[in-house]
Amino acid sequence: MTTANRRSKKRRKLRKQEVNIRAKFRASKESHPIISPKLKKYWLQRYSLFSRYDEGIKMDDEGWFSVTPEEIAVRHAQRSLGGGVVVDCFAGMGGNSIQFASLGYHVIAIDIDPRKVEMASNNAKIYGVDDYIDFIVGDFLQLAPFLKGNVAFLSPPWGGPSYKNTHNFTLDLLKPVNGYTLFQVAQTITPNIIMFLPRNVDVCEVEQLSWLSSPPLNVEIEENYVHGFLKGKTAYFGNVAYWGVGQ
């Protein structure tokens with residue numbers, strides 16, 4: 001073999017190694033997306049958010065700290081008592097919609113952000129329940145008068161991770177409008193309402209929501225834990241409530 005041939009063979013080998021390195025780097029980036037430092041703690045909990053995360057779950061930055069942990073979403077679905085049609089008023093990444101659909105309920109999943117709806121639809125396909133969910137891009141407050149369902153699920157934005165800095169989280173801090181208005185709008189759909197709220201929410205204010213109906217609705221407030229850590233509180237109203245306060 002001539003010197004020229006040896007050099008040519010060596011160059012081809014080096015190019016092949018370089019291609020393999022680039023391919024491995026791309027695969028690494030896809031399986032371990034770049035996560036900002038402020039979101040890293042949520043990424044470390046990714047399997048508690050979506051147990052099938054590695055199968056192609058898609059999330060935006062807000063989704064990391066706003067999606068309902070899967071264990072809690074399963075609980076919400078189980079408490080819907082044969083929900084029939086469930087309206088997920090702030091669907092986000094689709095965590096709750098997926099679990100409602102997993103029990104065979106028909107879900108109307110609403111979000112004002114088209115990108116979130118696209119991601120939620122992708123995530124529902126991964127869980128094999130997309131046929132049970134109608135995704136709608138729109139403003140829940142404007143759509144509610146045209147909707148009917150057996151259960152309305154409310155998990156409105158809490159204002160980001162900074163909600164934890166508030167000692168007593170009042171309902172006026174919810175977004176896009178205060179909790180009283182959200183609840184009244186949801187009542188135009190059904191009196192059977194589930195609200196997932198911050199762990200530091202003012203429980204007295206939540207109980208007062210039941211008095212917005214005549215006669216007052218049954219109400220139950222439940223603490224939700226994941227791996228021993230309190231993640232939020234859920235309020236059940238109407239036929240989805242038990243008497244008293246449960247944990």
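How many salt bridges does a search of the whole structure find? The search finds 8 of them, where a salt bridge means a side-chain nitrogen of Lys or Arg within 4 Å of a carboxyl oxygen of Asp or Glu. Keep in mind that this is a predicted model, so local features need pLDDT of at least 70 and side-chain atom pairs count only at pLDDT 80 or more, while totals for chains, interfaces and linings use all residues. Residues are numbered from 1 along each chain as its sequence is written, and side-chain values use heavy atoms, with hydrogens and water left out.

**The sheet**

- Let's start with the strands: 7 of them make an open sheet with mixed pairing, in the order β3-β2-β1-β4-β5-β7-β6.
- At the edges sit β3 (133-137) and β6 (219-226), each pairing on one side only.
- From one strand to the next, the twist averages 20°.
- A quick word on terms: strands (E, at least two residues) and helices (H or I, at least four) are DSSP runs, numbered from the N terminus, and two strands pair if DSSP finds at least two bridges between them.
- In general, strands of a sheet pair through backbone hydrogen bonds, either parallel or antiparallel.
- β6 pairs with β7 (residues 229-237) in the antiparallel sense, over 8 bridges.
- Val 219 stands opposite Phe 237 in β7.

**Helices on the sheet**

- Helix α5 (residues 70-78) lies across β4 (151-154), β5 (193-197), β6 and β7, and runs at about 155° to β6.
- Helix α6 (residues 95-102) packs on the sheet too, touching β1 (85-88), β2 (106-111), β3 and β4, and its direction makes about 170° with that of β2.
- Those angles run from 0 to 180 degrees between N-to-C directions, with axes fitted to C-alpha atoms, for helices over the stretch in contact.

**The nonpolar core**

- The largest nonpolar core has 66 residues, and Phe 50, Phe 140, Met 195 and Phe 237 have the most contacts inside it.
- β5 gives the most to this core, with 5 residues.
- Such a core is a set of buried Ala, Val, Leu, Ile, Met, Phe, Trp, Tyr and Cys residues joined through side-chain atoms within 4.5 Å.
- Phe 140 touches several residues beyond four places away in sequence, including Cys 89, Ile 110, Leu 154 and Ile 189; contact means heavy atoms within 4.5 Å.

**A buried Asn**

- Asn 123 lies in helix α7 (residues 114-126).
- Asn 123 counts as buried because its relative accessibility is 0%; buried means under 20% relative accessible area, exposed over 50%, and partly exposed in between (1.4 Å probe, protein chains only).
- Leaving aside neighbours within four places in sequence, Asn 123 is in contact with Phe 50, Gly 56, Ile 57, Lys 58, Met 93 and Ile 98.

**A salt-bridge network**

- Asp 60, Glu 62, Asp 113 and Lys 116 are linked in a network of salt bridges.
- Lys 116 and Asp 60 have their closest N and O atoms 2.8 Å apart.
- This pair links distant parts of the chain, 56 residues apart: Lys 116 in helix α7, and Asp 60 in the loop between α3 (46-49) and α4 (61-66).
- Lys 116 is buried, at 9% relative accessible area, and Asp 60 is buried at 14%.
- For the salt bridge of Lys 116 with Glu 62, the closest N and O atoms are 3.0 Å apart.
- Glu 62 lies in helix α4, 54 residues from Lys 116, and is partly exposed at 35%.
- Asp 113 also forms a salt bridge with Lys 116, at 3.4 Å between the closest N and O atoms, and Asp 113 is partly exposed at 24%.
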